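Here's a quick tour for anyone meeting this structure for the first time. Have a look at it, then read on.

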Amino acid sequence: MQQKRIELLRPQMGTQRALTVRTYGTLGKGPKAYFQAALHADELPGVLVLHHLEKLLAEAEAKGDIIGEVVVVPFANPIGFTQYVDMKPLGRFEMRTGQNFNRHYPDLCDELITTLDGKLGQNADENVALIRTELRRLIKERRAASGPMTDLQDLRFSLAELAIDADLVLDLHCDWEAAMHLYTSDSSWPDAADLNAQLGAGACLIAEESGDNPFDEAFSRPWVVLRREFGDKFPIPMATLATTVELRGEQDVYDHYATEDAANLFAFLQRRGVIAGDPGPLPEAKCDATPLAGVDRVTATHGGMIVFSAKPGSHVKAGQELGYVLDTETGEKTPFSSRTDGFMYARVGGRLVVPGGLLCSVAGANVLPGKTGNLLTAR
């Protein structure tokens, strides 16, 4: 294992932050997998999962079983890790700008199209190698051309440079209260079906562009765009499988979950040829992929306290009561429900809500009317 620290931009005198990066296997040899956790710094299940996965990786490396390269960033957001208000960690948004740590990663698509014009050929492997070479060059050029940066911008570029040429990019998150679920590009389905089944996800939400270029899409979208631009002339595979893995809820920080998840991720790496060995039979999938535009984000019509009657992991029907919002001052009590049949994969962690506030999310099989534009919450 090789370990390095990437010093981030000092935001102020007397301060310093750094990323810890561990690489297992041989740098630049074989397929490359990239893992990171806690990009939203108060989401800790992934940190524990990577702790257990690294034990398995160390054992595999000692036996010479790592065929490719596995890069692990066990804590991807040292900025958010230090943000506390009223004794509570607040790691989703950077407090100085209000920006989401999982948005606005470098979009290299336009430059990539320009630089590849006239260079692609009829050999798919050679095209992939060329595209990755250009991605590595362009991310460095974009960084150099950006001029003075904030520490948040520096963090985004540092993480992007680590993952830009990976075959597999897994960004480990969690929701407030949730069942296991995934996000990926619809161009990566059914390629992601083995990961979906191995992890036992209850929902796999797919979109080609969900909005604001979150981390995973910064690495899947270039391939989507290139295939759209050149795919009828040159063979361009969907060479990077990038996913956001939502490891249940933010309170689900337990060894029994984390060891199982780590074992499943290790088996996935074996199945993908990154690590030698037999991963065993693929578990039966619990779900098929459904469109992110088919998710009903159920919201409150008035303020009050939430009383849920359905739990994450439930299959629900359109119109079924999932709980109610109660205003005890006025006596107003309003049941809420989803517009679609589907899988209720997440609900909010707090029990106070304002008018229009999110209550829960239900993944349906069909696109809902009017679901266009930005498809994510917490922009």
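Let's begin with helix α2, where C109, L112, I113, T115 and L116 are the buried residues (buried means under 20% relative accessible area, exposed over 50%, partly exposed in between, with a 1.4 Å probe and protein chains only). This is a predicted model, in which local features need pLDDT of at least 70, side-chain atom pairs count only at pLDDT 80 or more, and totals for chains, interfaces and linings use all residues. Residues are numbered from 1 along each chain as its sequence is written, and side-chain values use heavy atoms, with hydrogens and water left out. Helices (H or I, at least four residues) and strands (E, at least two) are DSSP runs, numbered from the N terminus.

**Helix α2 and its neighbours**

- Those buried residues of α2 pack against α3 and α6 (217–230).
- The axes of α2 (residues 109–116) and α3 (residues 124–145) come within 10 Å and cross at roughly 125°; axes are lines fitted to C-alpha atoms, for helices over the stretch in contact, and angles run from 0 to 180 degrees between N-to-C directions.
- That makes α2 and α3 oblique to each other, given that angles under 35 degrees count as roughly parallel, over 145 as roughly antiparallel, 65 to 115 as roughly perpendicular and the rest as oblique.
- The α2 and α3 crossing is right-handed: a crossing is right-handed if the near helix is turned clockwise from the far one by less than a right angle, and left-handed if anticlockwise.
- On the α2 side, E111, L112, T115 and L116 meet L130, I131, E134, L135, R137, L138 and R142 of α3, where contact means heavy atoms within 4.5 Å.
- Sorted by class, the contact of α2 with α3 has six nonpolar, one polar and four charged residues (Ala, Val, Leu, Ile, Met, Phe, Trp, Tyr, Cys and Pro count as nonpolar, Asp, Glu, Lys and Arg as charged, and the others, Gly among them, as polar).

- Helices α1 (residues 45–62) and α7 (residues 255–271) have axes that come within 8 Å and cross at roughly 45°.
- So α1 and α7 are oblique to each other, and their crossing is right-handed.
- Where they meet, α1 brings L48, V49, H52, L53, L56, L57 and A60, while α7 brings D255, A258, T259, D261, A262, A263, L265, F266 and L269.
- This α1 with α7 contact divides into 12 nonpolar, two polar and two charged residues.

**The sheet**

- Nine strands make an open sheet with mixed pairing, in the order β1-β2-β4-β3-β7-β11-β9-β10-β12; two strands pair if DSSP finds at least two bridges between them.
- β1 (2–7) and β12 (289–291) are the edge strands, each pairing on one side only.
- From one strand to the next, the twist averages 25°.
- Helix α4 (residues 151–163) lies across β1, β2 (18–25), β3 (32–37), β4 (69–73) and β7, running at about 150° to β3.

**Strand β4**

- Five of the five residues of β4 are buried, so the rest of the structure largely encloses this strand.
- Both of its faces are covered, with E69, V71 and V73 buried on one side and V70 and V72 on the other.
- β4 pairs with β2 in the antiparallel sense over four bridges, and G25 stands opposite E69.
- With β3, the pairing is parallel over five bridges, and Q36 stands opposite V73.

**Strand β11**

- β11 (residues 241–249) is mostly covered, as nine of its nine residues are buried.
- Strand β7 (residues 168–175) runs parallel to β11 and is joined to it by seven bridges, with L168 opposite L241.
- Strand β9 (residues 181–184) runs antiparallel to β11, with four bridges, and L182 has V245 as its bridge partner.

- T184 sits in strand β9 and counts as buried, at 5% relative accessibility.
- Not counting residues up to four places away in sequence, T184 touches A192, C204, L205, I206, A207, L241, A242 and T243.
- R22, in strand β2, is partly exposed with a relative accessible area of 21%.
- Leaving aside neighbours within four places in sequence, the contacts of R22 include M1, E54 and V71.
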